[in-house]
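Subject: Structure handover

Hello,

Here is the structure you asked for. My notes follow below it.

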Amino acid sequence: MAGGGCLWSREGKRGRLGGGVALNGSEVLECGENRLHTELRADVLHAKFVPSPAGLHPAHFLVLLSSSFLEWPAQRLPARQHLGDWGCNTWVSRLPRRERPGLRLMQMLPPQVLALARQQNKRVKVVGGGHSPSDIACTDGFMIHMGKMNRVLKVDTEKKQVTVEAGILLADLHPQLDKHGLALSNLGAVSDVTAGGVIGSGTHNTGIKHGILATQVVALTLLTANGTILECSESSNAEVFQAARVHLGCLGVILTVTLQCVPQFHLQETTFPSTLKEVLDNLDSHLKKSEYFRFLWFPHSENVSVIYQDHTNKPPSSSANWFWDYAIGFYLLEFLLWISTFLPGLVGWINRFFFWLLFNGKKENCNLSHKIFTYECRFKQHVQDWAIPREKTKEALLELKAMLEANPKVVAHYPVEVRFTRGDDILLSPCFQRDSCYMNIIMYRPYGKDVPRLDYWLAYETIMKKVGGRPHWAKAHNCTRKDFEKMYPAFQRFCAIREKLDPTGMFLNAYLEKVFY
Ligand SMILES: Cc1cc2nc3c(=O)[nH]c(=O)nc-3n(C[C@H](O)[C@H](O)[C@H](O)COP(=O)(O)OP(=O)(O)OC[C@H]3O[C@@H](n4cnc5c(N)ncnc54)[C@H](O)[C@@H]3O)c2cc1C
């Protein structure tokens, strides 16, 4: 949900991965953030003297060695759901503060981890920002955290391209690009995600002339299971490149990414109220009027909040307001949502009341593009987000609305966020060969409490499948290989590339086994 709105705001605090346990030799380092960082710096220096095989970047990274990593958060935090926990609640925020049996944190070079994994017959999973709500980045084997592979390696101002280590957070990349008068042409809702991670799951935003974020990638380097480093682009290892731009973490370790940028720009965001009928009847006109158009539908009502984002020369301005955004839009809303867990019939009223309170007028914000694209996600939530053919938008939304009207016991929190994305040619991109509409549904977890959602989830999935949808790789879905074979014309091609690059399945995990077997 967007700025001007109240659940998320642009003043967002940045969650960082990295606190936890560090093992230095056999010594356990009890770490506050600073202590950990001091130790890490020492290890960076040390790592730089390690001969780097095959010209590999000498930056170090962390690897979690665990035989039972998944058990830990599951035991400690029973609320974790495999259907998609979002926000601060992704599993990474639950890295242990102390040593746990079976869990060790070490610093090694990527090829050394792969060699160790081959030797010990372990699987390997790379994690970026750890923001994927699904289990796509989980493992019971070795986990590589790319947090220290975070440098900008090259800025080509003429071509407007930047080459970065794959572990860089986009939040750290933006100020670097600002210095060079550059920007990314589109972003997802948060920037505490890494260059390697956003292309791992097919992260997207909105704008029918803009593809998913992976379409901004012009080259990448990939460390494969046997230790080979492949330089991939349209002109080099083109087949692998076409697959690796949405790689699901199953092709190897992405070491570097080169992104096509655009000149730095400012955006004006205008939010105004409308109705579902008006927006669906005039969809093409809205898509033409605004470069980054999206809308929020408030289930159990006709209400819609339309959001236009467009280039501007206006100076920065903000309609943010602590009272409305936090006191009402967060604290009061969370309390009422909690009450509604005992009285589910209240949900429709809450959706209508908060639209009237917070979304019933026009609001404007102007700022640098990355400050407008991103915002803070405050609520813990479950989420599904499927991409359907753009022309199916109206049919799918009306069917979802009709389903809710016919089943008053099924309740849906606001908003249903509807975004649009240009088609591409990336083998496992949900937008492969078609312009798409992403329809994101959520159920909040007020004060961490689980809210029943199964009927809503199933009805939504049924509609999405019926209209030819493809689920977001990082969010909840119940699909298996059979479904993906039908959904993706290039599925077999991707499988062949994966099997060639990783014949023993070193980069698989339980989530990916469902995808490929
Ligand atoms: C608050 C919030 C808001 C979000 N908003 C959006 C949104 O607007 N649009 C959207 O599409 N999604 C959104 N997401 C989902 C998010 O963008 C994706 O989950 C994204 O992949 C997260 O990036 P990450 O760096 O955290 O990747 P991770 O979750 O760490 O990893 C994602 C995948 O990439 C793999 N991987 C990561 N780095 C590497 C590497 N270097 N080499 C090989 N494999 C690697 C992992 O193994 C995994 O398979 C949101 C998530 C949250 C929590």
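Which residue of β12 is the bridge partner of Val-217? It is Leu-259. I come back to that pair of strands below.

Two points on the source. The model is predicted: local features need pLDDT of at least 70, side-chain atom pairs count only at pLDDT 80 or more, and totals for chains, interfaces and linings use all residues. Residues are numbered from 1 along each chain as its sequence is written.

Element names work as follows. Helices (H or I, at least four residues) and strands (E, at least two) are DSSP runs, numbered from the N terminus.

**Ligand shell**

There are 35 residues around the ligand. A residue is near a molecule if its C-beta atom, placed from the backbone, lies within 6 Å of it. Gly-128, Gly-196, Gly-197, Gly-200 and Gly-249 come nearest. α5 gives the most, with five residues. By class, the shell has 16 nonpolar, 18 polar and one charged residues. Here Ala, Val, Leu, Ile, Met, Phe, Trp, Tyr, Cys and Pro count as nonpolar, Asp, Glu, Lys and Arg as charged, and the others, Gly among them, as polar.

**Five-stranded sheet**

β12 also belongs to an open sheet of five strands, in the order β7-β8-β12-β10-β11. The pairing is antiparallel. Two strands pair if DSSP finds at least two bridges between them. β7 (152-156) and β11 (229-233) are the edge strands, and each pairs on one side only. The twist averages 10° from one strand to the next. Axes are lines fitted to C-alpha atoms, for helices over the stretch in contact, and angles run from 0 to 180 degrees between N-to-C directions. Six bridges link β10 (residues 217-223) and β12 in the antiparallel sense.

**Eight-stranded sheet**

A second open sheet runs β17-β14-β16-β15-β19-β20-β18-β21, with antiparallel pairing. β17 (363-368) and β21 (470-471) each have a single partner strand, so one side of each is left without a neighbour in the sheet. β14 (residues 266-275) and β16 (residues 303-312) are joined by 10 bridges. In β16, Tyr-308 is the bridge partner of Thr-270, and Ile-307 is that of Thr-271. β16 also pairs with β15 (residues 294-297), over four bridges. Val-304 of β16 is the bridge partner of Trp-297. The hairpin of β15 and β16 has five residues between the strands, and His-300 takes a positive phi near 65° there.

**Helix packing**

α9 (residues 322-340) and α10 (residues 346-358) pack at about 170°, with axes 10 Å apart. That makes them roughly antiparallel (angles over 145 degrees). Residues are in contact if their C-beta atoms, placed from the backbone, lie within 7 Å. Among those making the contact are Trp-324 and Ile-328 of α9, and Ile-350 and Phe-354 of α10. The contact has 12 nonpolar, two polar and no charged residues.

α12 (residues 393-406) and α13 (residues 454-466) pack at about 150°, with axes 10 Å apart. They are therefore roughly antiparallel too. The contact is made by Ala-396, Glu-399, Leu-400 and Met-403 of α12 and Ala-459, Tyr-460 and Ile-463 of α13. These divide into six nonpolar, no polar and one charged. α13 also lies across β18 (381-389) and β20 (436-444), at about 15° to β18.

Best wishes

Conventions. Angles under 35 degrees count as roughly parallel, over 145 as roughly antiparallel, 65 to 115 as roughly perpendicular and the rest as oblique. Two residues are in contact if their C-beta atoms, placed from the backbone, lie within 7 Å.
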